[in-house]
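This report describes the model shown below.

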Amino acid sequence: MNRIFDRIVHTAQHRFGLVVLSGTLIIMGFAAGWLAGLAALRDVLLLAAVLIAGAAIATRAWHGIRCHQVTIELLVTIATAGALLIGDYWEAAAVTFLFMFGTHLEASMLTRTRHALAQLLESTPSSVIVLRAGHEVEVKPEAVQPGELVLVRPGAHISVDGTVIQGRAAVDESAITGEPLPVEKFEGATVYAGTVSQDGLLWLRATGVGDDTTLARIVHWVEQAQEEQAPTQRIIERFARWYTPAIIMLSAVFFLWTWNTELALTLLVIGCPGALAIATPVPVVAGIGRAAQRGMLIKGGAHLETMARISALALDKTGTLTEGKPRLTHLESLQSISSSGRRAPEPWTKAEQDMLRWAAIAESGSEHPLALPVLAAARMLGPVSHADQFDTCAGRGVRATYQGHTIGVGTQRFMGELGIPIGSDVEERLARLGETGTTAVLVARDGRALGILGLADTQRGMASGMVRRLRDLGISRIAMLTGDDRRTAEFIAGQIGIEEIHGSLLPDGKLALIRQMQNDGHIVAMVGDGINDAPALAAADIGIAMGAGGTAIAAETADIVLMTDDLLKVPEALAIARATVRNIRQNVTIALVTAAALLAGVLFGRVGMAGGMLMHELSVLVVVANGMRLLRAGRGVIADGVALPRVAPRADSVLS
Amino acid sequence: MKTILRSQDLTCPSCTGRIEKSLKACDGVHDARVYFSTGRIEVQHDPGRATADDLIKAVRMAGYTATTGTLR
């Protein structure tokens, strides 16, 4: 008997069956009473409906009593029992049915909200193909051992983290980065579980399987963030702690005063702070889940609430506003007649291409940071030959020989050391380049200067868009913090549209500036990526770490981590945070207004038990549905921000 | 040993305390945390004295369903 009872009461599917059964019995009861005039049959059917729906409620109520807790189920049980005692079977049936039905709807809606992310994990395939002893074997994803070779067919979900050993494919990484555009993966690239190979065939060496994948870590981390209580929630729980007992007291007082059982029981029914209790958690779960889907990890409800209130933003320059890597931005031949200097993407003249090739040969053995962009640019023109012999002079340049020619690449002073004459017009050009924050080097061959190469750290594509959007969102104070000198910083800041610049800052200088902004009365968010930003990220009210290329320490210190280099995620995170906080306020309002209206309605005798329960359950469902709207939040903000230049995400640097 | 259970039944934050109590009352359970926001139930237990099935039964005693979860 106990077993059967247990079975009936406890599975969610059965619970829905109970709801349907109880509802059917109520309808049948009415039909019997009204149409056939069989009052006795009606009461029997209604009583059956109460027992069927009420058994599960009573179980929870009983357990609550054993834990010394006054639960919502206890209130409903007392009210139902009371209604049965005074012979009001219809009210008792309606209350239990509405409560069960409402709870069932609420549970399924909450499950959808909670699973915004977890469903990504479930979308991983049920089997994968691994190479074992020379044969392709199909196994379960969790049975793959790290180090094994895994085959990914075109169109297949990737179920392990791994390194591409062989093959090529466009991979949809939106599950990890929120970026809709697929990324090309070649040999040596890292791929993540949860992503989808769109066209090619890949052989991977598995590095992470099961719960040890980047995606699993993200989901785990997001869950922890969702579990952290928002400050508003704590206030509400304090309120709820005395609200329910207070209603019970009120109900008892009214009963003793008026001996109106119906009124006292109705008070019990509406005495559950159902809508208020979930007014905050639902938006927080939905908001953080939505942000995570879009490639932003917000580490908890508290951070979400603070983010919504920020009034100032400080940004690190190198690696955050800029790409953090120098690029060849300027190529100017001194040989051609009309050389006005070109930006790199424009077609280069023959003389310019020649100069670049010579420079690349000289740099071919160099590990210098400025050599890499020169080599990268030259390789776009074709293979680069190796110098026969080369000689690096630290901080000044490199001298090399190739097929009998002497090549020099370096600073103006280095050219002087090599005895290469530099005209005053060239000096002027170098100075002009310096003003734009560009590092200029000269290229010379066989004693004659060929031209100038300009290398600069360029701003990220969306930097100015981000600043514009933040200003639109009302962030009035936006400051750039950098360790670089002011002149370089000013040029970039001018391009991006930032007026407040603080240059030549050491890490503690950045921290001091954040403190100063806070003393000015601002709630400050700081965006950074490197170890040197960590103190400032920690000091700021909200630290935002850039994921791609970012360091683990910055991501650990930060309150919000962006999975990609996309700067537009900063205003998007702000929009989601504000939408969430707005949503919480709406929910609290809905809950309090409903509670007050119900209380007034009951006291003035306008609301009965069934009506009270209906309103109560409706308010709960409205609150959950309102919170769920956040699963689509941020659309307006991102609508015109699509089709960004593709950047390779490096989620691993953040989460490993 | 840590076992993760998941419940789709949590509709009110106050039920978490009851499930925790029910779990902690089990022989072999050292600690239990129930999170309303995610429906995650985290149990530290001695698998020799309390199996995953025992844990699910304990949750059921409090009036809620749970299944063993996969994620940490």
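## Domains of chain A

Domain bounds are taken from an automatic or database domain assignment. The model is predicted: local features require pLDDT of at least 70 and side-chain atom pairs count only at pLDDT 80 or more, whereas totals for chains, interfaces and linings use all residues. Residues are numbered from 1 along each chain as its sequence is written, and chains are lettered from A and ligands numbered from 1 in the order in which they are written.

Chain A comprises domain 1 (128-158 + 160-208), domain 2 (298-322 + 460-572) and domain 3 (325-459). Between domain 2 and domain 3 of chain A, the C-alpha centres are 34 Å apart. Contact is made by 11 residues of domain 2 with six residues of domain 3 of chain A, a contact being a pair of C-beta atoms, placed from the backbone, within 7 Å. On the domain 2 side, helix H13 (317-321) and helix H19 (486-496) of chain A are the elements that give two or more residues; helices (H or I, at least four residues) and strands (E, at least two) are DSSP runs numbered from the N terminus. H19(A) supplies the largest share, six residues. This side of domain 2 has five nonpolar, four polar and two charged residues, where Ala, Val, Leu, Ile, Met, Phe, Trp, Tyr, Cys and Pro count as nonpolar, Asp, Glu, Lys and Arg as charged, and the others, Gly among them, as polar.

## Nonpolar cores

A nonpolar core is a set of buried Ala, Val, Leu, Ile, Met, Phe, Trp, Tyr and Cys residues joined through C-beta atoms within 7 Å. A residue is buried if 20 or more other C-beta atoms lie within 10 Å of its own, exposed if 12 or fewer, and partly exposed in between, with C-beta atoms placed from the backbone.

The largest core has 177 residues, of which A:Val95 and A:Ala314 touch the most other members. Because domain 1 and domain 2 of chain A both give residues to this core, it lies between them. Leaving aside residues up to four places away in sequence, the residues touched by A:Ala314 include A:Ala479, A:Leu513, A:Met517 and A:Ala540. Another core, of 33 residues, lies apart from it, with A:Leu328, A:Ala371, A:Ala378 and A:Leu442 among its members.

## Interface between chains A and B

Chain B places 23 residues in contact with 32 residues of chain A. On the chain B side, the elements giving two or more residues are helix H1 (15-24) and helix H2 (52-61) of chain B. The largest share, four residues, comes from H1(B). By class, this side of chain B divides into seven nonpolar, 10 polar and six charged residues.

## Strands and an exposed loop residue

In chain B, four strands form an open antiparallel sheet in the order S2-S3-S1-S4; two strands pair if DSSP finds at least two bridges between them. Strand S2 (29-35) and strand S4 (67-68) of chain B are the edge strands, each pairing on one side only. Six bridges join S2(B) to strand S3 (residues 40-45) of chain B, and B:Val34 stands opposite B:Ile41 in S3(B).

In chain A, strand S5 (residues 169-172) runs antiparallel to strand S6 (residues 183-185), with three bridges. A:Val171 stands opposite A:Val183 in S6(A), and its bridge partner in S8(A) is A:Ser197.

A:Glu367 is found in the loop between helix H14 (350-363) and helix H15 (371-379) of chain A. A:Glu367 counts as exposed because it has 8 C-beta neighbours inside 10 Å.

Methods. Two residues are in contact if their C-beta atoms, placed from the backbone, lie within 7 Å.
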